[in-house]
Each structure stands twice: as structure tokens, then as C-alpha cells.
Amino acid sequence: GQVVARLDPALLQTQLETANANLLRANADLERLRLALADSKTKMDRAHELSARQLLTKADLETADVNYAQAQAQLKSQQAQVEQAKTSVENAKVNLDHTIITAPIDGIVISRNVDVGQTVAASMQAPTLFIIAADLTKMQVNANIDESDVGNIRPDQQVSFRVDAYPNETFIGSVGQVRLNPQVVQNVVTYSTVINVPNPQLKLKPGMTANVNIEIARRSSVLRVPNASLRFRPTPDTFTALNQPITPDIQRALGGGRGGFGGGGRGGQNAQGGQPGGQPQPSATAGKTGGTAAPQAARQGGQQGQGGQPSADQEERRRRFQERMANMTPEERQQMMERFQNRQGGAGRSGGPGGGGPGQGSQGTGERAAQSAQPGRTGKSAKATPQTAQTIDSLFGPLPRVEGRGRVWLYINKQLKPVSLRTGISDGTWTEVLDDNELQPNTEVVTNVITGLESQARPAGGANPNAGNPLMPQRGPGGPGGGRGR
């Protein structure tokens with residue numbers, strides 16, 4: 001209600017005075033026509049009396065009736081003109097009141113776009129004179145989310161961000177809305193996401209640039225392993241240096257199938273899905289589900305390596321699958337069987353755990369059946385939300401549980417031992433372990449092995465491949481990783 005600006009009211013004041021004068025003239029004409037109507041009515045009554053005594057002709061009687069009807073019509077027309085004149089006066093008053101600009105809300109003026117004496121013209125749209133912030137203790141961050149990540153955004157997710165003004169301070173907010181209108185800049189599609197942020201200390205200012213991290217999944221009090229251990233994959237030189245024989249378990253862990261290391265030509269390489277150890281790529285966002293494609297590639301590589309022929313390894317896989325089934329609760333077992341039955345595929349995929357004959361390839365093995373029980377890999381979709389939500393964001397169901405397959409190596413009695421794991425979310429450095437039957441807390445896992453043959457592959461310029469490059473870290477003669485990591 002406070003006055004923030006005044007416009008020159010001279011022209012609008014003149015228009016108001018003109019409208020008032022027109023209204024006075026219209027009222028005067030209205031009174032004149034009322035008197036004329038009364039006179040015509042008197043003449044009409046006299047004509048009817050004379051006509052009843054046969055003292056007036058019929059033509060004069062009709063003329064008196066017509067004059068009275070015309071006087072009524074003129075009076076109604078003038079009444080309408082009076083109302084129109086009143087409307088013009090009210091319009092002029094409204095325009096005159098608009099010369100005093102008041103604050104529509106309680107807040108703080110953060111921008112003034114006009115100066116004293118400046119001409120303000122409003123044609124098709126009103127000009128912006130002031131920008132008023134209603135409440136600086138409640139701010140919003142308009143974040144541009146990439147189209148590859150917007151599918152994981154849900155309302156009320158926790159958001160942390162930093163601004164350049166306070167580089168050592170982290171601000172916390174929550175997702176409020178995800179706008180549906182895409183923004184395309186140089187063929188890059190992003191979606192605007194509104195993040196609600198409390199600002200009680202008024203540190204955040206309008207227009208600041210924020211670097212936003214949206215938390216899409218969180219796990220507390222769980223076992224985790226470093227991603228370096230999931231990416232580690234020993235080579236034949238590693239086992240030679242350790243004087244360790246390559247057992248069938250190691251062959252399966254390395255994806256070689258029946259042909260040993262790299263058996264079946266492309267099987268050894270494709271079994272890892274292009275990633276050492278057959279692990280999903282670590283995601284920049286915790287719990288991002290994009291890494292679950294690696295186990296699928298591993299299964300495809302296993303099919304190429306085994307050539308669709310049954311082997312003695314299937315018995316071992318069947319035994320391991322049965323052990324897993326025995327350790328599950330009845331509810332988990334029922335849910336796994338339901339997901340297994342709803343998988344899409346032919347007879348080779350529905351052959352049951354440990355199935356798979358000569359004509360079915362390796363899709364019916366126990367390992368494949370166990371992996372098919374993981375959420376996010378079946379044909380079922382998340383339970384639909386009832387179509388009674390007030391906003392479009394509320395129609396999306398919860399995010400599916402992230403689950404994948406991984407493998408780490410342990411160094412026990414100077415021997416490498418592979419351990420298969422069911423992995424969960426990842427923050428890019430650590431990955432959640434869903435089952436800790438074979439991997440206990442505080443167990444040392446291998447992240448790197450130095451066999452002594454690495455120096456042969458180094459450049460001739462020196463032992464350090466980064467020597468002379470100021471942009472690369474300089475490593476000592478011990479090599480990266482230091483052997484084992486915890």
C-alpha cells in the first residue's frame with residue numbers, strides 16, 4: 001500500500017473534468033425530456049376527452065398519441081446516455097488513480113527501472129517499473145536438469161548446492177517442481193527444476209549461480225566397497241607372478257568360459273561388458289541406474305564364450321543359486337520367483353534355475369536366473385499412482401531400487417580369490433553391497449597388483465610416465481595404489 005511512484009496526472013485530470021461536464025449536460029437533457037413527456041401526456045389526455053365528445057377529429061387524436069410515444073422513446077435514450085456518461089466518469093477516475101503506483105505486496109525493492117522525469121509508455125504490455133521481492137527468507141533455485149537425469153528427479157528430494165559467494169558453505173533445499181517445457185540450447189535439452197531453499201540469514205541473493213547436487217537415493221549403515229576394487233581385473237601375468245593356478249572359478253570370474261582366458265574368441269572380452277571386472281560404470285549421481293547395463297553385457301559375452309554348449313560349470317552355478325535361495329526369506333523367495341516368471345523371453349529364459357540344454361544356450365543357467373530376480377530388470381513397471389494428484393510431479397511413482405552385479409578380489413594366503421557381489425547405489429567413489437555373506441566388514445580387497453613387469457611397458461624417457469608434465473601427478477617408483485586397498 002505504500003506509494004512507490006507517481007505519474008503526471010495533468011492529462012488524466014482533464015479527461016475526468018470533461019467526463020463530468022458531459023454527465024451534467026446529459027442530466028440536463030434528461031430533465032428537459034421528462035418535461036416534454038409530461039406535456040405530451042397532458043395533450044394526449046385532452047385529445048381523448050375531446051374525441052369522446054366528438055369535438056376532435058380522428059387524425060388529431062392519432063397525432064397526440066404519436067407525440068406521447070416519441071417523448072417516451074427520447075426519454076429512454078437520454079437515460080442511456082446518462083449512464084454512458086457516468087461510465088466515462090468512472091473510467092477517468094480509474095485512470096487518474098493509476099497515476100499513483102503503490103506496492104502490491106510487502107517486500108523489498110530489489111530493482112528500480114525508471115527515473116524521475118522519464119516517459120513511461122504502455123501499449124501492448126505494461127512496462128516494468130520496480131521488482132519487489134516478497135520474502136527473501138524463502139528463495140528458489142531454477143536448475144536446468146539434463147534430459148538423461150530428469151527421469152530420476154522426484155518432488156521433495158534433498159538438494160545441496162554451493163554459490164560462488166560462499167565457496168565453503170553448503171546450502172540445503174528440496175525439489176519443488178519439475179517443469180515439462182524443455183529448453184533446447186545448441187541441441188542440448190534441459191528441463192527447469194524449481195528447488196525451494198530456506199534463507200533465514202539472507203546470505204543468498206537473487207541472481208546467484210548455484211552448482212546443484214540432487215540426492216536421488218540414500219543408504220545408511222550399509223557395507224560398501226571402493227569402486228577401484230570393482231574395476232580391478234587380474235591378468236595372466238598376475239597369476240604367473242603369484243604362482244597361482246587358474247582354477248575354473250577364476251576362469252568364470254574372468255569371463256573366459258570353457259576356453260580358459262578369453263575362451264571362445266570374443267567371450268573373455270565381451271563378458272566384462274567393456275569394463276574391467278564386469279562392473280557397472282560408477283555414476284556421478286548416487287544411485288543412478290545407468291550402470292546396470294554391464295551385467296547384461298557380461299551375460300551376452302558368456303553366451304559367446306560358451307557357444308551354447310552345456311558344461312560342468314553349470315552344476316556349480318546351480319549349486320550357488322540353490323544356496324542363495326536357501327538363505328532367502330519366504331517373502332524374498334516368492335518375490336524373486338514372481339519376477340523370474342514375468343521376464344520376457346522364449347523357452348530358453350524360462351527354463352528355470354540351472355536349466356539350459358544344448359539347444360538353449362546359457363540363458364537358462366542358475367547365474368542368469370539369479371540375476372533376473374533383480375529389480376529394474378523385469379517387464380513389470382512400478383505401481384501406478386492413482387490419477388488423483390493435483391500436480392503432474394505427483395503422478396510419477398517412486399524410483400525403483402538400484403541393483404547390479406559386481407566382483408571383487410581378495411588376497412588370502414598369497415592367492416587371489418574372486419567374490420561375486422550384488423551391488424546397489426554408487427556415489428562415484430564407493431558402491432553399496434547388498435549381500436555380505438562372503439564379504440565381511442573391514443575385509444581388505446585388491447585394487448591393484450604390481451607384478452614387476454610394469455616397468456617394461458613404461459616409456460623410455462624415464463620410470464615415471466608423467467615426468468615432465470606439470471599437469472599430471474608425479475608418482476613414485478612404488479606405482480599407483482600401493483598394492484592393496486581397504
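Strand E7 (residues 166–185) and strand E8 are joined by eight bridges and run antiparallel. Strands here are DSSP runs of type E with at least two residues, helices are runs of type H or I with at least four, and both are numbered from the N terminus. Two strands are taken to pair if DSSP finds at least two bridges between them. Within this pairing, Val178 sits opposite Thr193 of E8. The two strands make a hairpin with two residues between them, and in that turn Gln186 has a positive phi of about 55°.

All of this comes from a predicted model, in which local features need pLDDT of at least 70 and side-chain atom pairs count only at pLDDT 80 or more, while totals for chains, interfaces and linings use all residues. Residues are numbered from 1 along each chain as its sequence is written, and side-chain values use heavy atoms, with hydrogens and water left out.

Buried means under 20% relative accessible area, exposed means over 50%, and partly exposed is what lies in between, using a 1.4 Å probe and protein chains only. Setting aside residues up to four places away in sequence, Thr190 touches Asn144, Ile145 and Asp146, along with Asn181, Pro182 and Gln183. A contact is counted when heavy atoms lie within 4.5 Å.

Helix H1 (residues 10–52) has 43 residues, and from its first C-alpha to its last it reaches 64 Å, close to the 63 Å expected at 1.5 Å a residue. That expected span is 1.5 Å times one less than the number of residues. Just after H1, Gln54 takes a positive phi of about 60°. For H2 (58–97), the 40 residues should span 58 Å at 1.5 Å a residue, and the end C-alpha atoms are 60 Å apart, which agrees.

How do the axes of H1 and H2 cross, and at roughly what angle? They come within 7 Å and cross at roughly 165°, where axes are lines fitted to C-alpha atoms over the stretch in contact and angles run from 0 to 180 degrees between N-to-C directions. H1 and H2 are therefore roughly antiparallel to each other; that label is for angles over 145 degrees, with under 35 roughly parallel, 65 to 115 roughly perpendicular and the rest oblique.

Both helices have a run of buried positions. Those in H1 include Leu16, Ala19, Leu23, Ala26 and Leu30, and those in H2 include Leu61, Ala64, Tyr68, Ala71 and Leu75. An α-helix has 3.6 residues a turn, so residues three or four places apart point the same way. H2 is part of what covers the buried residues of H1, while the cover over those of H2 includes H1 and strand E2 (100–102).

Further along, Thr238 has its place in helix H4 (residues 236–241). Thr238 is buried, with a relative accessible area of 5%. Leaving out neighbours within four places in sequence, Thr238 is in contact with Leu416, Val449 and Thr451.

As for the whole chain, the secondary structure comes to ten helices and 15 strands. Of its 486 residues, 32% count as buried.
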